[in-house]
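Hi everyone, thanks for coming. Please have a look at the sequence and the model on the screen, and then I'll walk you through a few things in it.

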Amino acid sequence: MLHLRNPQMLQMLEKSLRKHLPESLKVYGTVFHMNQGNPFKLKALVDKWPDFKTVIVRPQEEEMADDLDPHTNTYQLYSKDPKNCLEFLGTPEAINWKQHLQIQSSQSNLNGVIMGLAAAKLVKVKRTQCVLYMMPQTAKKLAPFLMAETENLHNKSGRPRPINQEMFKLSSLDVTHAALVDKFWHFGGNERSQRFIQRCIQTFPSSCLLGPEGTPVSWALMDQTGEMRMAGTVPDYRAQGLISHIIHTQTLVMHELGYPVYNHTDRANKTMQKMSHTLQHVPMPCDWNQWNCVPL
């Protein structure tokens, strides 16, 4: 196992992962932001270099001081070889199975590896599978071959419907809004998730619409993997097209910064899938996967 400390190595890793999109998307997005200053102090581990088969990105050990904080104790995983991945993840340097943790990957075929290892380590696992999207600007740049099936669609306008700009003012989130975002986040609802949201707001660009009371009514932000996440609208303002507007706005903000832009939607959330279709988000042939692991 090798820890890639050298900036040139991390840049090479980013270029290599780009060749394996979209299956490498979750790790590619993370390494991209490691090469933009690495604000979450992450580290990349590979089985060998430069012809790696498996790569995992994780926080530094000193960042993972809270054994009960899966939002910090999060690992991004990509592997060209499930058998190699099994050997790699079994080493103590790769994953600390004694903590509450999350493993994220764009590869469903790693489920057997993770489930088998977790069982051997006496760890309970909850898997979440979602629809994965890449924004059209990002897909055109990074994976144009994915655009072929949606070529006719992308000749149309992908703009959201107009909103009442007298009532709603475009702004960005600040840390005082973290509790509100956390309240409506599917994976939130506790002190640790709120702390994670605060860190994302402090570190990365965000967008929100302020309502008549001057507080956010719809918002979107991004996490350390470069994914647009935690978007939401307060119930009283839903079904007005606000979330479409704010996701479109946040996409433009991230695109202008040169960031790859992608997100996921729950398989049961047909409303958000319809919105993604309207905004011409490109569905990936692979899934968004997260394995929440808790030691027994």
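Let me start with a question: does Cys293 count as buried or exposed? Cys293 counts as buried, because its relative accessibility is 1%. Before I go on, keep in mind that this is a predicted model.

Let's stay with the cysteines for a moment. Searching the whole structure turns up zero disulfides. Take Cys130, which is in no disulfide: the nearest cysteine sulfur belongs to Cys286, and that is 13 Å away. Cys130 is buried too, since its relative accessible area is 3%. Back to Cys293, which is also in no disulfide; its nearest cysteine sulfur is the one of Cys85, 12 Å away.

Okay, now the sheet. Picture an open sheet of eight strands, with mixed pairing. Going across, the order is E1-E2-E3-E4-E5-E12-E6-E11. Which strands sit at the edges? Those are E1, residues 2-3, and E11, residues 262-266, and each of them pairs on one side only. Further in, E4 pairs with E5, residues 101-105, in the parallel sense, over three bridges. If you want to find one of the residue partners on the screen, look at Thr74, whose bridge partner in E5 is Gln102.

Then there are helices lying across strands. H3 lies across E2, E3 and E4, and runs at about 35° to E3. Helix H9, residues 270-278, lies across E6 and E11, and its angle to E11 is about 145°.

Next, charges. Side chains of opposite charge can pair when their charged atoms come close. How many salt bridges does a search of the whole structure find? It finds 13.

My example is Lys26. Lys26 makes a salt bridge with Asp223, and the closest N and O atoms are 3.9 Å apart. Lys26 is in helix H2, residues 25-34, while Asp223 is in the loop between strands E9 and E10, so this pair ties together parts that are 197 residues apart in sequence. Lys26 also meets Glu227 in a salt bridge, at 2.4 Å from N to O. That pair links distant parts of the chain as well: Glu227 is in the loop between E9 and E10, 201 residues from Lys26 in helix H2. And are these residues buried or exposed? Lys26 and Asp223 are both buried. For Lys26 the relative accessibility is 2%, and that is why it counts as buried. Glu227 is at 0%, so it counts as buried.

Here's another pair, Lys53 and Asp81, whose closest N and O atoms are 3.8 Å apart in a salt bridge. Lys53 is in the loop between E2 and E3, and Asp81 is in the loop between E4 and H3, so the bridge ties together parts 28 residues apart in sequence. Lys53 is partly exposed, with a relative accessible area of 33%. Asp81, at 23% relative accessibility, counts as partly exposed. There is also a network: Asp66, Asp69, Glu191, Arg192 and Arg195 are joined by salt bridges that share partners.

Last thing, the annotation. An unreviewed UniProt entry lists residues 207-295 as "domain: Glycine N-acyltransferase C-terminal". In the model, that span is 27% helix and 40% strand, and its end C-alpha atoms lie 36 Å apart.

Note on methods
Residues are numbered from 1 along each chain as its sequence is written. This is a predicted model: local features need pLDDT of at least 70, side-chain atom pairs count only at pLDDT 80 or more; totals for chains, interfaces and linings use all residues. Side-chain values use heavy atoms; hydrogens and water are left out. UniProt positions are given in the numbering used here, feature names are shortened, and annotations may be inferred rather than shown by experiment. Helices (H or I, at least four residues) and strands (E, at least two) are DSSP runs, numbered from the N terminus. A salt bridge is a side-chain nitrogen of Lys or Arg within 4 Å of a carboxyl oxygen of Asp or Glu. Buried means under 20% relative accessible area, exposed over 50%, partly exposed in between (1.4 Å probe, protein chains only). Two strands pair if DSSP finds at least two bridges between them. Contact means heavy atoms within 4.5 Å. Axes are lines fitted to C-alpha atoms, for helices over the stretch in contact, and angles run from 0 to 180 degrees between N-to-C directions. A disulfide is a pair of cysteine sulfur atoms within 2.5 Å.
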